[in-house]
Structure formats: C-alpha cells, structure tokens
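Subject: Structure handover

Hello,

I am passing on the structure we discussed, with notes on what turned up in it. The overall description comes before the local detail.

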Amino acid sequence: MFPFRIMNQQNVEKLLDMKQVIELVERAYSLKAQKEAALFPMVFHEFSPGKADMDIKSGHLMGADIFGLKLVSWFGDNPSKQLPPLTGFVLVLDSQTGVPIGMMGGEAITLMRTGAAGGIGAKYLARKESEHLLIVGTGHLAPYQIMSTLMLMEHIKKVTVYNHQSLEKATSFCSSLSAKLKEKFLSPYRENQMLFEEYASRIEQVEFVATDQIQKATGEADIIITATPSRQPIIQKEWVRPGTHFSCVGADMAGKQEIDERIFASARVFVDDVAQAVQVGETEIPIKKGIIEKDNILAEIGSVILGTTTGRLSDDDITIFDSTGIALQDLITADYILKQAEAKGIGIVANL
C-alpha cells in the first residue's frame with residue numbers, strides 16, 4: 001500500500017498563488033526547452049457530436065520526476081441535471097516508481113496556469129514600457145490574465161476590456177474588477193504585509209475601462225490578450241499598430257480563431273508547443289490558409305525564457321504568443337499543490 005492524496009477544489013484554491021504559479025509555468029516551459037519534459041499525444045473523443053466530449057492532455061517532466069494527465073469532459077446537457085457542464089481532474093504520478101502521488105479537481109489549476117501563461121507571453125515578448133493592456137473576453141479566464149500581466153508588466157496603467165457580444169457585460173465586469181482582483185488573488189499574501197500592499201497598490205493604480213470600440217482599442221493597445229471561444233477573428237490586421245504584442249489563449253481546439261490570420265504574415269510567432277499550436281491553436285488557421293508555414297514559428301516560449309532565442313528584435317515588431325495550454329503546466333502546478341498539502345496536512349489521504 002502507498003498513500004494517495006485527494007484534493008477538493010476548495011483546498012486547491014487555498015494553496016494556489018499567482019506569483020508562484022507564474023514561476024512554476026516558466027519552469028515547465030524551460031524544462032521542455034531543455035528536453036527535460038515531454039508531451040504525450042492528445043486524446044480526444046466525442047460521445048455525442050456537439051453535445052458531449054472529453055480530452056486528455058498528458059506528459060512527463062523528467063526534471064521534476066513526475067508524469068501524469070489532465071482529463072476534461074464537457075457534457076452540454078448537464079445543467080438540466082443540476083450538474084456542471086465542464087468537469088476535470090489532474091492526476092500526478094512519480095516517474096521514478098510509477099506510483100500515483102495524488103489527484104485533484106482541474107478547474108482552479110487550469111484557470112491559474114492559463115492566466116500565468118498570458119502574462120508570461122507579455123513579459124518576454126511585449127515592449128517593457130508597455131502601458132495599455134486590452135483584454136478581449138470577460139469570461140472566467142479574464143481576471144487571471146489581467147492579474148498575471150499586472151504582476152509581470154510594471155508600467156501597465158490602463159486595462160481596456162472588450163466583450164464582442166455586449167458592452168453591458170464589459171461594463172459590469174470592469175465595475176467590480178478592482179475588488180474582484182484583490183479578493184481572488186491577494187489572500188495568499190496577507191501574512192506578507194509588504195507584498196500584499198504592493199499588489200493592492202498595483203491594482204489601485206490601474207484604470208479599468210470597458211469599450212465597444214474594438215478597432216480603436218486595438219490601435220491604442222500595447223498588449224492584447226484574447227481569451228474567448230471565438231471561431232472567427234475578432235481583431236483585424238488593419239487595426240494593429242507596430243509594436244503590439246498578442247497573447248492568444250482562447251484557441252485550444254481545431255477551428256477556433258480570435259485574430260485575423262493575416263497578422264501572422266508580418267509577426268514574430270512563438271508558441272507553447274509547436275505540434276499542438278499547429279493542430280488546435282491560433283496558428284492552425286494561418287498555416288491551413290498558407291499565410292505562414294510551420295517553419296515560420298520561431299520557437300517555443302521556453303527557448304525565449306532561457307535566452308536561446310531572441311523574442312522581440314525592435315520596438316516595431318508585432319509579436320504573437322500562441323498559448324494552447326499544455327499538460328506540463330497542470331502537472332507542475334498540481335505537484336506543487338500536493339507538496340504544500342502534505343506539509344500542511346490538507347486533503348484526504350487514501351492507501352491504495
């Protein structure tokens with residue numbers, strides 16, 4: 001028999017810390033670039049086309065001695081059964097022994113590591129003096145994208161928010177955003193008064209503005225993060241000014257698209273995983289339409305983090321980070337959570 005720790009969503013959320021997750025995701029990207037981590041082929045299955053499906057993302061972090069998977073299922077009729085439509089879990093195993101270490105719900109980890117990724121893209125590819133962030137989308141991911149970017153880009157003074165369906169939704173989102181960011185992300189720092197006050201002050205210094213003028217907002221933004229389920233471009237090439245950085249995080253399935261594929265023709269393109277980006281990421285459509293070829297992807301982001309590949313060459317470069325979301329982010333974060341839980345005696349331990 002061996003101990004196996006099970007964590008519910010509430011306990012996972014207690015142990016998540018955006019600053020720490022940013023560091024973990026950077027490490028996962030770096031390990032991949034150093035050939036100390038690898039992804040396994042994705043598994044996707046539709047139980048009922050357009051109504052129910054599941055996917056499995058998995059991988060091995062040799063540099064962290066773990067492997068595992070994240071399974072996510074979507075059953076569209078679940079709300080009528082008083083069940084959530086989207087459910088998932090992360091399973092972590094010891095790669096020295098093959099023994100399972102623990103498992104937990106996948107939603108909180110997914111939101112946090114996806115938010116971290118968008119900010120990391122800006123950190124390494126945007127102009128350092130960037131002041132204006134445009135967020136396209138007001139769903140669950142949006143606050144995470146904003147918080148990570150504010151933590152990593154110290155000159156951001158204005159965040160413009162766009163919902164392509166409703167100005168009212170964007171306005172409502174912005175009205176409570178400052179309070180929501182403090183409530184959702186600052187509790188881990190209450191014991192560190194200096195850090196807590198630093199991040200609270202950072203949030204208070206930023207102007208949050210809703211817009212329904214996406215063309216104008218695109219032309220004014222230094223950094224644009226797209227986090228929607230869109231299947232057609234929301235941002236057109238003609239609106240984009242030189243020097244803009246894009247972190248595209250919404251496209252994680254074949255056919256999804258958030259920005260005009262023509263933007264790729266004159267951009268420096270980076271991804272989290274080349275194979276996945278080509279298959280299901282924002283990069284899929286421009287390659288299928290012949291705008292660019294796979295070889296036009298300059299590097300995976302881990303190579304930029306390590307300094308092996310140069311990200312931005314000039315202030316006029318348009319840069320794109322296609323963040324499809326990879327299992328390595330989930331696994332390294334889940335492993336951290338399990339270690340913290342063990343040290344603090346949190347979760348249920350079963351003997352398997």
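The secondary structure of the protein comes to 12 helices and 18 strands; helices (H or I, at least four residues) and strands (E, at least two) are DSSP runs, numbered from the N terminus. The radius of gyration is 20 Å, close to the 20 Å that the globule rule gives for 352 residues, so the protein is as compact as a globular protein of that length. That radius is taken over C-alpha atoms, and the rule is 2.2 Å times the number of residues to the power 0.38.

This is a predicted model: local features need pLDDT of at least 70, side-chain atom pairs count only at pLDDT 80 or more, and totals for chains, interfaces and linings use all residues. Residues are numbered from 1 along each chain as its sequence is written, and side-chain values use heavy atoms, with hydrogens and water left out.

Overall figures

The C-alpha trace spans about 60 × 50 × 45 Å along its principal axes. Of the 352 residues, 54% are buried (under 20% relative accessible area; exposed is over 50%, partly exposed in between; 1.4 Å probe, protein chains only). The protein exposes about 15600 Å², and carbon and sulfur atoms supply 51% of that; accessible areas come from the Shrake-Rupley method with a 1.4 Å probe, and for residues only the protein chains shown count as cover. Among contacts (heavy atoms within 4.5 Å) between residues at least 6 apart in sequence, 74% join residues at least 24 apart.

Helix H2

H2 has 16 residues and reaches 23 Å from its first C-alpha to its last, close to the 22 Å expected at 1.5 Å a residue; the expected span is 1.5 Å times one less than the number of residues. At its start, a side-chain oxygen of Asp 17 reaches to within 3.0 Å of the backbone nitrogen of Lys 19. Just after H2, Lys 35 takes a positive phi of about 65°. The buried residues of H2 include Met 18, Val 21, Ile 22, Val 25 and Tyr 29.

Glu 26 lies in H2 and is buried, with a relative accessible area of 12%. Its side chain makes polar contacts with the side chains of Lys 123 (2.9 Å) and Tyr 124 (2.8 Å). A polar contact is a pair of N or O atoms within 3.5 Å; within protein, one must be able to donate a hydrogen and the other to accept it, and residues adjacent in sequence count only if both atoms are side-chain atoms. Leaving aside residues up to four places away in sequence, Glu 26 also touches Ile 120 and Ile 305.

Arg 27 is in H2 as well (residues 18–33), but counts as partly exposed because its relative accessibility is 38%. The side chain of Arg 27 reaches the backbone oxygen of Gly 63 at 3.1 Å.

Aromatic pairs

The structure holds four aromatic pairs. In one of them, Tyr 144 and Phe 185 have ring centres 5.1 Å apart and planes at 90°, so the pair is edge-to-face. This pair links distant parts of the chain, with Tyr 144 in helix H4 (residues 142–152) and Phe 185 in helix H6 (residues 177–185), 41 residues apart. Rings of Phe, Tyr and Trp (its six-membered ring) pair if their centres lie within 6.5 Å; planes under 30 degrees apart count as stacked, over 60 as edge-to-face and the rest as tilted. Tyr 144 is buried at 9% relative accessible area, and Phe 185 is buried at 2%.

Regards
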